[in-house]
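The exercises below can be worked through with the sequence and the three-dimensional structure side by side. Please try each task before reading its solution.

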Amino acid sequence: MSHFLLMCLYAGIISAFFALLSRRGFRRQLRLFAMIFGSLVGGALVLAWIMYFFPAGPPAPIP
Amino acid sequence: MSKRSPETPAAGLHPLAALVTALLVPGLGHVLQGQRARGIAFFGLVVGSLGVGLAIGGRLPWEFSGAPLPRLATVGTLGAGLPVILARLVFGYEADPTGAGFEYGGAFILTAGLMNLLLMLDSWDIAHGRDPMPTDDGGSEPTEKGEGGGGKGQAEDGASQREEAQEKRTKGRAKSAKKKAARGRQKKGNR
């Protein structure tokens, strides 16, 4: 599994959890799920693009 | 279901029992208090997150002495209850620190524990009869216990309540001004 897919899976679990915890009714839960999921994944993509312009640096040492 | 005051415990499950059952098995506190679908969904999410973490070889914190952060991580992970204890003590799970999923999986495992800690608090609140669910207009919709109120309706009620309070204050000031004038006239009459 790629990092991106794992990140989406993590975002999906968190979003579903908070949607179920904080809202009643399928439509309201779905809306909150979409908002949280979009914020998490979208925010991560935005941060990734910001970091893209910084130099990569040396590779991490193998422990 | 009949209406209950916010602080009255729910019939059938003591709040402490709700807390302990929610700790031991994710979602069980909700199932025992009548929210079966939610309880099962929560169980699936918490155990699913834990399962993904274990499957990719994630770090399972198990330090009870030494540096504070690993101990805090252990407490957070133990929040997932019996599934984590089974994984560690019965199945003897131990992750390889050089594995590709060690850090990422650790995030899934820790999150499962923290989610269940939130579920414990929610279960406790439900047992106490405090279970308002917010709606999109900022109010709260009625729960199985019959509590809750409208959002926009509440705002309109608030405005009319403010107007009533303003009227009362104005009337009160007029009354006290009349009393003062009457006292003043009395004093003048006594002289």
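**Exercise 1. Find the partner with which R59(B) forms a salt bridge, and decide whether the two residues are buried or exposed or in between.**

Solution. Begin with the rule, by which a salt bridge is a side-chain nitrogen of Lys or Arg within 4 Å of a carboxyl oxygen of Asp or Glu. The partner is E63(B), and the closest N and O atoms of R59(B) and E63(B) are 3.7 Å apart. For the second step, buried means under 20% relative accessible area, exposed means over 50%, and partly exposed lies in between, with a 1.4 Å probe and protein chains only. R59(B) counts as partly exposed because its relative accessibility is 28%, and E63(B) counts as partly exposed because its value is 33%.

Before going on, note that this is a predicted model, in which local features need pLDDT of at least 70 and side-chain atom pairs count only at pLDDT 80 or more, while totals for chains, interfaces and linings use all residues. Residues are numbered from 1 along each chain as its sequence is written, chains are lettered from A and ligands numbered from 1 in the order in which they are written, and side-chain values use heavy atoms, with hydrogens and water left out.

**Exercise 2. State how many salt bridges the whole structure has, and describe the one that R38(B) forms.**

Solution. A search over all chains finds 2 salt bridges. R38(B) forms one with D122(B), where the closest N and O atoms are 3.8 Å apart. This pair links distant parts of the chain, since D122(B) lies in helix α6 of chain B and R38(B) in helix α3 of chain B, 84 residues apart; helices (H or I, at least four residues) and strands (E, at least two) are DSSP runs, numbered from the N terminus. D122(B) counts as buried because its relative accessibility is 12%, and R38(B) counts as buried because its value is 8%.

R38(B) has a further partner, for its side chain makes a polar contact with the side chain of Q35(B) at 2.3 Å. A polar contact is a pair of N or O atoms within 3.5 Å; within protein, one must be able to donate a hydrogen and the other to accept it, and residues adjacent in sequence count only if both atoms are side-chain atoms. Q35(B) sits in the loop between α2 (28–32) and α3 of chain B, and it counts as buried because its relative accessibility is 3%.

**Exercise 3. Describe the contact between chain A and chain B, from its extent to its composition.**

Solution. With contact meaning heavy atoms within 4.5 Å, 19 residues of chain A and 24 residues of chain B take part. The area buried between the chains is about 2,100 Å², of which carbon and sulfur atoms give 69%; buried area is the accessible area (1.4 Å probe) that two parts lose on being put together, summed over both. In chain A, F17(A), L21(A) and R24(A) lose the most area to chain B, together 35% of what that side buries.

Next, consider the polar side of the question: there are 0 salt bridges between the two chains, but 4 residue pairs are in polar contact across the interface, with both residues at pLDDT 80 or more. The elements that give two or more residues to the side of chain A are α1 (3–22) and α2 (26–52) of chain A, and the largest share, 13 residues, comes from α1(A). By class, this side has 12 nonpolar, 3 polar and 4 charged residues, where Ala, Val, Leu, Ile, Met, Phe, Trp, Tyr, Cys and Pro count as nonpolar, Asp, Glu, Lys and Arg as charged, and the others, Gly among them, as polar.

**Exercise 4. Identify which residues have the most contacts inside the largest nonpolar core, and trace what F42(B) touches.**

Solution. A nonpolar core is a set of buried Ala, Val, Leu, Ile, Met, Phe, Trp, Tyr and Cys residues joined through side-chain atoms within 4.5 Å. The largest has 19 residues, and those with the most contacts inside it are F17(A), F42(B), L60(B) and L119(B). Four helices each supply at least two residues of this core, namely α1 of chain A together with α3 (36–55), α5 (82–90) and α6 (102–127) of chain B. Leaving out residues up to four places away in sequence, F42(B) touches F17(A), L20(A), L21(A), G27(B), H30(B) and L119(B).
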